[in-house]
Structures are given as structure tokens and as C-alpha cells.
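Colleague: I am new to reading structures. Can we go through one together, feature by feature?
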Amino acid sequence: MMLDIALHADDGPVRIQDVAERQGLSLKYLEKLVRLLKDGGFIDSKRGPKGGHLPAKPLDQITVGALVRVLEGDTMLVECSSDSHCCVNEPMCLTRRVWKAAANAMFEKLETITFAELVQELRRNHMLGLLPDLFPDVPESECRTARDMAATFRHP
């Protein structure tokens, strides 16, 4: 949802109904995400006939890591990484250290990816015609809805 808003915000506030159509997502689900994104400081909302949602700050200041932290809450991949009392093996467990290191490395990388970069890459790929067939090996009869959605996916 955040990437869709970022992609289409140049045209003004983005309606969640439009995001739902483009992404094939439930409106109720997106309404829940809107609240989390607003509370997290990622989007601002504008009411009224020309209302919708816009990024709350420049896209180069919004990282994927920050967004994932807000949406997912705990940044650890396994419970014992953040709660040492959940496992009786914690004092001698070497895999806990591995999972903590993996989570830290993942978020370190996600913090370097901005929505400005993602939007730029999507636009560049679209201009170069690098949008692959998303369903090359799926028979038409088995995936009509998904193919229709992919065929009508709108890029700025």
C-alpha cells in the first residue's frame, strides 16, 4: 500500500479504493493498514471529495526498515531472540545468537532502502519495458483473475 501511494502521489491524494483495485486487496484490510501507516507517521490523510492519502514526508526519508518495524512490531525472527525467558535452553543455545544476528542484518539492510529508490526503480523498469509476465507457466484457465490484474496494473 505504501509503495502504491508513493507511486501515485504525484497526481494528488491516493484513494484506498484505487489502491485496492490496483493491488487486488480487500478494502477492509487496507483500512486497517491506513491507520497503522498514519500512526507510524508514514502517510497523511485528506478528507473530502478530492481526499485520499499522501506520504507524510519525502520518500527518501521513508525506509522499508522503518515501515516493517511499525507494521510488524517485534523485529526478531524468533520469540527467544527478544524474550530470553521463553525457552529453558536459552543459557546454552547457540542458535539464538544466529537468529538475532540474522534479524539485525536484515533490518540493517532494510534501513538502507528508501521508497524514493523503489519508486525510481519501478518507473525506470516500466519505461524500459522490463515488466515480465508474472505468470509464464500458469495455464490461462487456472489464473484468469491474476492475469487480468497483471494486465491492467497501472504504472505512473
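Colleague: Which pattern does the protein chain follow along the sequence?

Modeller: Helices (H or I, at least four residues) and strands (E, at least two) are DSSP runs, numbered from the N terminus. Here the pattern is α-α-α-β-β-α-α-α-α-α. That gives eight helices and two strands. Residues are numbered from 1 along each chain as its sequence is written. This is a predicted model: local features need pLDDT of at least 70, side-chain atom pairs count only at pLDDT 80 or more, totals for chains, interfaces and linings use all residues, and side-chain values use heavy atoms, leaving out hydrogens and water.

Colleague: Is His53 buried or exposed?

Modeller: Buried means under 20% relative accessible area, exposed over 50%, partly exposed in between (1.4 Å probe, protein chains only). His53 counts as buried because its relative accessibility is 10%. It sits in strand 2 (residues 52-55). Across the protein chain, buried residues make up 28% of the 156 residues.

Colleague: What does His53 touch?

Modeller: Contact means heavy atoms within 4.5 Å. Leaving out residues up to four places away in sequence, His53 touches several residues, including Ile5, Val34 and Ser45.

Colleague: Where is Leu36?

Modeller: Leu36 lies in helix 3 (residues 27-39). Leu36 is partly exposed, because its relative accessible area is 37%.
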